[in-house]
Each structure stands twice: as structure tokens, then as C-alpha cells.
Amino acid sequence: MVALGDPGAKMMRINSVVFAMAFLAVSNAHAGFVADKGAEAEKLVENGDPLAAVDALNAAIEAVWRDMPLTVRNLRHVKSAMGYGVYAERADNVYKSNETVLLYAELLGQMLGESDLGDKEVGIDIDLVLMNGSGKRVFSGKGIVKLRQPVRYLNKEFMLKIDLTFNGAPADKYVAALTARDVHSDKTTSFDVAFEIVE
């Protein structure tokens, strides 16, 4: 779990340990293959074939990617987000009641599936539970964001842009508990976003 804002800092540390243990298991499972591909890439570079070396390293990354947990990193409140790593960060997490909470995050570990047209795609659904400053659940919804992105390759630079608008929400401090679900596997990941609505 990744937390944005101060709530859940202890939970984040605990989940980081769990993630590290899960990643260690994945790393051990692929250690031989990854090491072999690394050695292969080194020889290819020495032989003047850097393109083939990149392909060998990509094969190693994809082997780890398939077994790693779905992971969100670099979660931020932003003013705008145009692409992977292309965003204008917001100075704070305080919004007016009619203002959109705009989030940027980078996603790793997603799998490829087929679209309705038979093309490759990334498919992510996002669920939301909104809690007010007293910890009371004030809203919940499954699949409030549905992302279907056609792709030709297993893109490693993949971003999520999440727009949340809470029209009529009273002034208060809130936590949005978000869960991203990979529709092409059983992978999920959860992350909390703290923000405040003012008059």
C-alpha cells in the first residue's frame, strides 16, 4: 500500500516490508534467468550489438514484471498530468468544494490482456472508499475509474491520471482509499490519498 499524506504512515512501513518479502521471492524465482540475461547482454555489448543487449535485458525485466505485485509509485497531487513523468505538481492537498482532486501515479506489474476487438490492452479498474475526518465512510464505489489502453508491447512507463470530484462535500479532511484492480490478472494494489476540502 502506498499512502499519500500523513494517515497510515505506520501501515505503509509494514506493507513495505511485506512488499519487500514478496519481491525477494519473485527475485529468487527468476535469479538464474535474470543473471543469464544480464551476462548475455554484457557479451552482446562487448560484441558491438547494444540493441540485442537491450532486448535481452527487457526479457529479464518482463520475467520479473509478470510475477511482481501490482505496484503504484510516485503518487502525487498534481495540477496537470500529460504523460509518464510529465506533470505539474500541486503545492498542497487543499481543495475548494467544486475543485477536482487530480492525482498522478506510476503503475508497475500490470498484465496484458485482449480487448473486445482482440487487440492487446492494459485494463485497470479503480474502486474508491471515501472517509471523512472522523473516519466515517461517506461514499464508496467500485470501478469509478475504468482504464482500457490499447498497446502493442508491455509498456513499462505507464501512468495513472485519476480525477476525483466531490461536489457538495462539506469542508473537512478526507482520506480516499483507492484500490486498483488489474482486469487481466488477479493482481490488486491499494493506496490512500489524504486531502482537505475548504469552503
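Is Glu62 buried, partly exposed or exposed in this predicted model? At a relative accessibility of 26%, Glu62 counts as partly exposed. The views below begin with this residue.

**View 1. A salt bridge joins Lys156 and Glu62.** The two side chains meet with a nitrogen-to-oxygen distance of 3.2 Å. Lys156 is placed in the loop between strand E8 (137-150) and strand E9 (158-165), whereas Glu62 belongs to helix H2 (residues 50-67). The pair links distant parts of the chain, as the two residues are 94 residues apart. Lys156 is partly exposed, with a relative accessibility of 23%, and Glu62 is likewise described as partly exposed, at 26%. In the whole structure, a search finds 10 salt bridges.

**View 2. Asp127 forms a salt bridge with Lys142.** The closest N and O atoms of this pair are 3.3 Å apart.

**View 3. A network of salt bridges links Arg90, Asp92 and Glu99.** The view shows these three residues, which are connected to one another through the network.

**View 4. Val138, Phe139 and Ile144 make a nonpolar surface patch.** The area of the patch is about 230 Å². One of its members, Phe139, is found in strand E8. Phe139 has a relative accessible area of 39% and is partly exposed.

**View 5. Four strands form an open antiparallel sheet.** The order of the strands is E3-E2-E5-E9. Strand E3 (86-89) and strand E9 stand at the edges, and each has a single partner strand, so one side of each is left without a neighbour in the sheet. From one strand to the next, the twist averages 50°. In general, the strands of a sheet pair through backbone hydrogen bonds, and the pairing may be parallel or antiparallel.

**View 6. Strands E2 and E5 run antiparallel and are joined by bridges.** There are 5 bridges between E2 and strand E5 (residues 100-108). Within this pairing, Arg73 has Glu106 of E5 as its bridge partner.

**View 7. Asn74 has a positive phi.** The value is near 55°, and the residue is not a glycine. Most residues other than glycine have a negative phi. Asn74 is placed in strand E2 (residues 71-83). Its relative accessible area is 23%, and Asn74 is partly exposed because this value falls between the cut-offs of 20% and 50%.

Conventions. Residues are numbered from 1 along each chain as its sequence is written. This is a predicted model: local features need pLDDT of at least 70, side-chain atom pairs count only at pLDDT 80 or more; totals for chains, interfaces and linings use all residues. Side-chain values use heavy atoms; hydrogens and water are left out. Buried means under 20% relative accessible area, exposed over 50%, partly exposed in between (1.4 Å probe, protein chains only). A salt bridge is a side-chain nitrogen of Lys or Arg within 4 Å of a carboxyl oxygen of Asp or Glu. Patches are made of residues with over 30% relative accessible area and no salt bridge: like charges are joined within 9 Å, nonpolar side chains (Val, Leu, Ile, Met, Phe, Trp, Tyr) within 5 Å. Accessible areas come from the Shrake-Rupley method with a 1.4 Å probe; for residues, only the protein chains shown count as cover. Two strands pair if DSSP finds at least two bridges between them. Axes are lines fitted to C-alpha atoms, for helices over the stretch in contact, and angles run from 0 to 180 degrees between N-to-C directions.
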